Amino acid sequence: MKILVVADEREMSIEAARIIGALVRTKPDAVLGLPTGSTPLGTYRELARMHHEENLDFSRVRTINLDEYIGLSGDHPQSYRAFMRKHLFDHVNIDENNTHIPDGMAENIEEECRRYDEIFYRYGRTDLQMIGIGVNAHIAFNEPADCFTPDTHIAVLTESTINANKRNFDRRDEVPQTAISVGMRGIMSTRHLVLIACGEGKAEAVAKSCFGPVTPQVPGSLIQLHPYTTVIADEAAMALCPVFFENK
Ligand code: F6R
């Protein structure tokens, strides 16, 4: 695992975008696994800037998002499809047909989960999977549990996750309680796993995920078993990591 400790969110975003940009330039039809949330916002802004100012070309790029709320259509402003349009897809020359996000309104959600896994099988593996991390160390919506779930599945969001996500909704009871989430196989089968984290609120999740025991109670800890993981975290998010302390 390679850990890049950066000063702040801005540097984290630039570093992540630099890695993604380099991949897209060397492999124009790269398959990117992408998260939503507040952590990747700066990375998406930087990728849009690279598109406009440095001709970073997304015309052949394919993307697979990690998750979508059940019960929200892609047009709902709080859906992850709308998020991706607003923060990335509308600002680069990506072909929206090459972008994949689970359909939270599918009639049969179990079938939708299987359909989504088929996309991973069809593409092989993602070239790069960027992930954020929840305060409780969830990755995608793989919440702390007794075992790791390999397949795309219906995730019942924990109180911690609902509380963290309510900032995007007018009322707490509007936050969906379930989501379609890619499972650990989808995440771990990537060629390059990139975890981004910033802020002290993530410090415990980052420390446990990078240095604690590998356990489904800390879903992010599974990244320790990936052969090529890059963690990009600011000093606040790294504050509880033993190695970081020793180096200070
Ligand atoms: C979102 C996702 C989640 C977020 C996590 C952190 O697609 O998969 O695991 O990465 O909840 O969210 P933020 O970045 O808002 O703190």
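Author: Three strands line up in the order β4-β8-β7, making an open sheet with antiparallel pairing. Strands here are DSSP E runs of at least two residues, helices are H or I runs of at least four, and both are numbered from the N terminus; two strands count as paired if DSSP finds at least two bridges between them. At the edges stand β4 (67–69) and β7 (153–156), each with a single partner strand, so one side of each has no neighbour in the sheet. On average, neighbouring strands of this sheet are turned by 30° against each other, direction ignored. (Angles run from 0 to 180 degrees between N-to-C directions, using axes fitted to C-alpha atoms, for helices over the stretch in contact.)

This is a predicted model, so local features need pLDDT of at least 70 and side-chain atom pairs count only at 80 or more, while totals for chains, interfaces and linings use all residues. Residues are numbered from 1 along each chain as its sequence is written, and side-chain values use heavy atoms, leaving out hydrogens and water.

Now zoom in on β4. Three bridges tie β4 to strand β8 (residues 178–181), and the two run antiparallel. Look for E68: its opposite number in β8 is I180. Then there's helix α4 (residues 109–123), which packs on the sheet and touches β7 and β8; contact here means heavy atoms within 4.5 Å. The direction of α4 makes about 115° with that of β7.
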